[in-house]
Amino acid sequence: TMGVFITRVVKHMGGFLPSGVPKDFAQVFIKPYETWANLEVILRSRPSWINFDSSAACVTDHNALKADVGNTIGYVCGLGYVDCSTVPKECKVSVFDTGNFVLGTHFKRKSQLSDTSPNPLSDCHFNGLAKFVSSAEYLKFGNVSQAAKCIVPIGKPDPESVFVSPHGMNEIHGTNNKTAMKVFISRAVKHSAGHAVAAEIPDEVAESALSSNATFSSMSALLSAKPEWASWSSRGACVPNFGCRPADVGAKIGEVCSKGVFDCGKIPVRCKSSVWNTAAFAFGSYFKNLHLHNNSVQPLVECNIGGFASFVAADVYGTLDLDKQCVVDIKTA
């Protein structure tokens with residue numbers, strides 16, 4: 001039945017169903033016009049009837065051929081998300097242990113560097129040689145103590161590292177943790193050319209951000225009003241986030257240039273020395289032009305660029321490895 005199939009899909013997403021698949025949901029996907037893509041989108045949105053295991057991990061299929069697993073490890077090592085020279089000695093006992101470490105680290109790092117929910121159905125598959133499973137599943141492995149050393153759980157959303165973006169806020173919102181939300185808000189303040197100590201953010205602010213009607217836009221509006229519980233700089237610049245992959249930042253430069261807000265042909269030669277300097281000039285010029293046309297533009301939203309940029313004060317961007325002549329500083333107040 002469709003319910004059985006959906007249960008298997010959820011299992012491969014590191015989830016389990018305390019009360020089974022809702023009958024009305026399963027019946028919807030029996031209809032011929034419904035698609036796999038629609039099912040995937042809904043399940044990735046984490047409906048309330050699914051419990052997801054934060055200790056779930058991308059692991060090798062121990063029924064696969066060793067040669068195939070070895071080839072997959074080589075392929076994944078070349079994708080750039082995991083430094084395969086760091087594979088621990090104890091994870092070289094077998095090709096499956098090595099695969100568990102490499103594939104698990106790859107999946108976790110790729111998830112951290114993407115401003116979307118991880119997609120284990122596609123990003124932990126590798127032609128059927130890997131699968132994303134809950135801790136209850138991988139603890140069934142033959143040599144549990146050995147396997148556990150090399151398995152890399154996805155973990156809970158980290159307020160210190162999620163993107164300061166709508167998706168990042170949703171991730172922290174899902175934890176329903178006031179302390180975690182305060183950390184996220186303090187980072188959002190920093191991305192609005194301000195400073196705030198997480199522990200000193202009023203409880204009611206965090207509670208409001210955890211409410212059912214809270215949005216990233218409402219948080220942006222709050223911070224644009226420069227509340228007194230934070231300090232604010234009168235100047236700032238839209239700069240790239242250095243925690244991102246250079247290739248991803250390069251793609252965002254192209255995206256910004258295509259918007260027609262400023263002429264990317266005018267990027268100075270000296271600012272083409274690195275993707276970071278190019279991005280600093282492109283992102284900064286883009287936001288400056290937006291600000292010139294509307295001085296009430298909100299930096300948390302408009303200098304977000306998919307989570308790959310942030311509007312920070314001079315004392316922050318001054319510490320970045322950027323040519324200061326490529327940083328486009330503007331007055332904010």
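**Loops, helix packing and the nonpolar core**

Asn 176 is located in the loop that joins helix 9 to helix 10. In this predicted model, the phi angle of Asn 176 is near 55 degrees, a positive value in a residue that is not glycine. As a rule, most residues other than glycine have a negative phi. Asn 176 has a relative accessible area of 59% and, because exposed residues are those over 50%, Asn 176 is classed as exposed. A second residue with positive phi is Lys 226, also near 55 degrees and also not a glycine. Lys 226 belongs to the loop between helix 12 and strand 6 (231-232). The relative accessibility of Lys 226 is 31%, and Lys 226 therefore counts as partly exposed.

The protein as a whole contains 16 helices and 9 strands. Its C-alpha trace extends over about 60 × 45 × 45 Å along the principal axes. Of its 333 residues, 47% are counted as buried. Among contacts with a separation of 6 or more, 74% link residues 24 or more positions apart.

The crossing of the two helices is right-handed.

Ser 220 counts as buried because its relative accessibility is 1%. With residues up to four places away in sequence left out, Ser 220 touches Gln 298, Leu 300 and Val 301.

Another helix pair is formed by helix 4 (residues 66-77) and helix 5 (residues 95-112), whose axes are 10 Å apart and which pack at an angle of about 30 degrees. The crossing of helix 4 and helix 5 is left-handed. On the helix 4 side, Lys 66, Val 69, Gly 70, Thr 72, Ile 73, Val 76 and Cys 77 meet Val 95, Phe 96, Thr 98, Gly 99, Val 102, Leu 103 and His 106 of helix 5. The residues in the contact of helix 4 with helix 5 divide into 8 nonpolar, 5 polar and 1 charged.

The largest nonpolar core consists of 36 residues, and those with the most contacts inside it are Cys 238, Val 239, Val 249, Phe 283, Phe 287, Ile 305 and Phe 311. At least two residues of this core come from each of strand 7 (235-240), helix 13 (246-257), helix 14 (275-293), strand 8 (309-312) and helix 16 (314-317). Helix 14 provides the largest share, 8 residues. When neighbours within four places in sequence are set aside, Cys 238 is in contact with Ala 280, Phe 283, Gly 284, Phe 287, Cys 303, Ile 305, Ala 309, Ser 310, Phe 311 and Val 328.

Terms used
Residues are numbered from 1 along each chain as its sequence is written. This is a predicted model: local features need pLDDT of at least 70, side-chain atom pairs count only at pLDDT 80 or more; totals for chains, interfaces and linings use all residues. Side-chain values use heavy atoms; hydrogens and water are left out. A crossing is left-handed if the near helix is turned anticlockwise from the far one by less than a right angle, and right-handed if clockwise. Helices (H or I, at least four residues) and strands (E, at least two) are DSSP runs, numbered from the N terminus. A nonpolar core is a set of buried Ala, Val, Leu, Ile, Met, Phe, Trp, Tyr and Cys residues joined through side-chain atoms within 4.5 Å. Buried means under 20% relative accessible area, exposed over 50%, partly exposed in between (1.4 Å probe, protein chains only). Contact means heavy atoms within 4.5 Å. Axes are lines fitted to C-alpha atoms, for helices over the stretch in contact, and angles run from 0 to 180 degrees between N-to-C directions. Ala, Val, Leu, Ile, Met, Phe, Trp, Tyr, Cys and Pro count as nonpolar, Asp, Glu, Lys and Arg as charged, and the others, Gly among them, as polar.
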